[in-house]
Number of protein chains: 2
Amino acid sequence: MNVQLVPSAAELRARLSSIRQAGVTIGLVPTMGALHAGHGRLIEQARQESGCVVVSIFVNPIQFDQKDDYARYPRALSGDLEFCDSRGAGIVFAPAVEEMYPHPQRTFVEVTGVTEHLCGRSRPGHFRGVATVVLKLFNIVQPDRAYFGEKDAQQLAVIRHMVRELNVPVTIVEAPTVREADGLALSSRNQRLSPDQRRIATQLFQALQLAEKRIAGGVSFPDQIKQEALAVLGQQPQLRVEYLEIVDPEEMQPVAHIAGPVRVAAAVWVGSTRLIDNVLCRPG
Amino acid sequence: MNVQLVPSAAELRARLSSIRQAGVTIGLVPTMGALHAGHGRLIEQARQESGCVVVSIFVNPIQFDQKDDYARYPRALSGDLEFCDSRGAGIVFAPAVEEMYPHPQRTFVEVTGVTEHLCGRSRPGHFRGVATVVLKLFNIVQPDRAYFGEKDAQQLAVIRHMVRELNVPVTIVEAPTVREADGLALSSRNQRLSPDQRRIATQLFQALQLAEKRIAGGVSFPDQIKQEALAVLGQQPQLRVEYLEIVDPEEMQPVAHIAGPVRVAAAVWVGSTRLIDNVLCRPG
C-alpha cells in the first residue's frame with residue numbers, strides 16, 4: 001500500500017508541513033470511516049484538484065446525542081485503508097479519541113440559525129460536535145480544500161457558515177449524493193439494515209422524488225407537498241418519520257411559499273437505523 | 001512611516017502570504033487600539049521573536065455587553081499608527097466593523113468552564129465575543145505567535161484553552177502587566193478617569209498587593225484574605241467592587257484553600273469606568 005496511516009496529530013502536522021513547503025496543495029476528506037462509494041467520489045474529486053489527499057477517519061463522540069448510536073456506529077479501519085489506497089489518497093489520519101480530545105473538551109463552535117431545524121432540532125448538540133471536530137481537523141491539517149457530500153446538506157450549510165463567519169482559510173467543495181440503483185443514498189448506516197428494511201428504506205428517496213416532481217410542476221405550497229410526501233412514507237408501517245421539511249438551501253429555514261430553489265430534507269427510522277436524505281428542487 | 005495600514009482582510013492575507021513564503025515568521029498583537037505602554041511591551045516582545053509584527057486594532061462590538069461602553073471606548077487610530085511605527089510593527093490591520101462582520105455573525109466560539117467566574121460571570125457573552133474575534137483574527141493573520149497581556153488574565157486563560165482544545169496552530173505568548181509608578185495597571189480606559197478618580201483607582205492594586213502579602217505570609221483561607229482586601233477597597237466610597245476572587249490560575253475557579261499559586265483578580269468601578277487587575281500569588 002502507498003497510503004500512509006498516521007494516528008498522531010503532531011506527526012501529521014510535521015509531514016504536511018514539508019509537503020506544503022514543497023508547494024503541494026492539500027485536500028481533506030473528513031469521514032467517520034466505514035467508507036463507501038460516496039466517500040470514494042469525494043476522494044476522487046480531491047485527487048483531481050489537490051496534490052496530496054488526506055482522508056480523516058474519526059468517529060467523533062461529541063457529535064452523537066445517543067451513546068448507543070456511537071457504540072454501534074460501524075468501524076472498519078483495515079478495509080477503509082485499502083479503500084483509500086485504491087483511490088489514491090496519500091494519508092489516512094485515524095486518531096484515537098484521546099488524540100483528538102486529550103483534555104476535557106470545553107471549547108465548542110456553535111453555529112446558530114442554520115442549525116435550528118431538521119437534524120439540528122432533533123439531535124441536540126449534534127452540530128456543535130460536528131462544527132467543533134471539523135474545525136479541529138481543519139486546524140490540524142490546514143487543507144487548501146475540504147470535501148463534503150450533499151447528502152449531509154445541513155452539515156454542509158453549517159460548515160459553510162462556520163468557515164465564512166470564522167474566516168477559516170479553506171475552500172469548501174461539495175460533491176453530489178451517490179445512490180444505489182434503486183435510489184437509496186449511500187450511508188455507512190445502510191449496512192445495519194436487514195434485507196426487509198433495506199427494501200423499505202427506498203421509500204425515503206421515492207417520497208423526496210415525488211416532492212421534487214410536484215415542485216417542478218409548479219406546486220408552491222409546502223404543506224401540500226409535505227402531505228403527499230408523508231403519505232408515500234406512511235405506506236410503510238415499519239418506517240417512522242422524524243422530520244420532512246422544505247427549507248431554503250442557504251439558511252435551512254422552512255419556507256412558507258416556494259418561489260426559488262428549496263431543499264426537501266427528511267430523516268426517517270427503519271427499525272433502529274436512522275436514515276437521512278435530501279434533494280435540491282427548483283420550481284417549474 | 002514604515003508601518004503599513006491595511007484595512008482589508010483579503011489584502012492582509014495576500015501580503016502575509018508572500019511574507020510567509022519568504023520564510024519570515026509572523027507575530028500578532030491583537031488590540032482594541034488606544035495603545036499604551038502595555039501594548040508597547042507586547043509589540044516589542046513580538047519584534048524580538050518574529051520577523052514581521054502585525055498589530056490588529058479593532059474595537060469588537062460583539063464582546064461588549066453594554067452598547068454605551070462600546071460607544072464610549074476610546075478610539076485613536078492616527079496616534080496608534082505612529083505608536084506602532086515607532087516600535088517597529090510592520091503592519092497595522094485596522095478593519096471596519098463591516099470588514100470583520102460582513103454577514104450576520106451566527107457562529108461563535110464558546111469556551112466553557114474557565115469563563116464561569118470573574119468577568120465571565122459579570123459580563124454575559126463577553127468571552128464568547130472575545131474568543132470568536134480572536135479566532136477570526138488568527139484565521140486571517142495565521143500568525144506563528146500571538147501576544148497577550150497578563151492584565152487580562154481570564155482572557156488569556158480563555159484563549160489558551162481555545163487554542164489547545166481547537167488545535168489552533170499558534171503559540172500564545174504572555175507578557176506581564178505594565179503599571180504606572182503608583183501601581184495602577186495601564187489600560188485604555190484609564191484616560192476616562194478624572195484626576196480625583198485617578199487617585200482613587202490606585203486603591204485597586206493596593207488591595208491586590210495586600211492579598212499577595214497575606215498569601216506569601218502563609219494565610220491559606222481565601223475568605224480572610226478577601227475580607228482584608230475588600231476592606232482596603234471599602235475605604236473609598238467612590239469605588240464600587242464588582243468582584244474580588246481568588247482563583248486557580250489555569251481553570252480560573254475559586255479555590256477553597258490556598259495550597260499553590262493562585263490569582264487574585266478584581267473588577268471595580270470608579271465613577272462610570274470599569275477597571276480590572278490581578279496578581280499571581282504564591283503561598284509562603
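**Where the chains meet**

Tutor: Thr107(A) stands opposite Val111(B) in strand 5 of chain B. This is a predicted model, in which local features need pLDDT of at least 70, side-chain atom pairs count only at pLDDT 80 or more, and totals for chains, interfaces and linings use all residues. Residues are numbered from 1 along each chain as its sequence is written, and chains are lettered from A and ligands numbered from 1 in the order in which they are written.

Student: In which sense do strand 5 of chain A and strand 5 of chain B pair?

Tutor: They pair in the antiparallel sense, over five bridges. Pairing requires that DSSP finds at least two bridges between two strands. Strands (E, at least two residues) and helices (H or I, at least four) are DSSP runs numbered from the N terminus.

Student: How many residues of chain A are in contact with chain B?

Tutor: 24 residues of chain A are in contact with 24 residues of chain B, contact being C-beta atoms, placed from the backbone, within 7 Å. Strand 5 of chain A gives the largest share of the chain A side, five residues.

Student: Changing topic, what is the strand order in the open sheet of chain A?

Tutor: The order of its six strands is 1-4-3-2-6-7, with parallel pairing. Strand 1 (4-6) and strand 7 (171-175) of chain A are the edge strands, each pairing on one side only.

Student: How many bridges join strand 6 to strand 7 of chain A?

Tutor: Five bridges join these parallel strands. Within this pairing, Phe148(A) has Glu174(A) of strand 7 as its bridge partner.

Conventions. Two residues are in contact if their C-beta atoms, placed from the backbone, lie within 7 Å.
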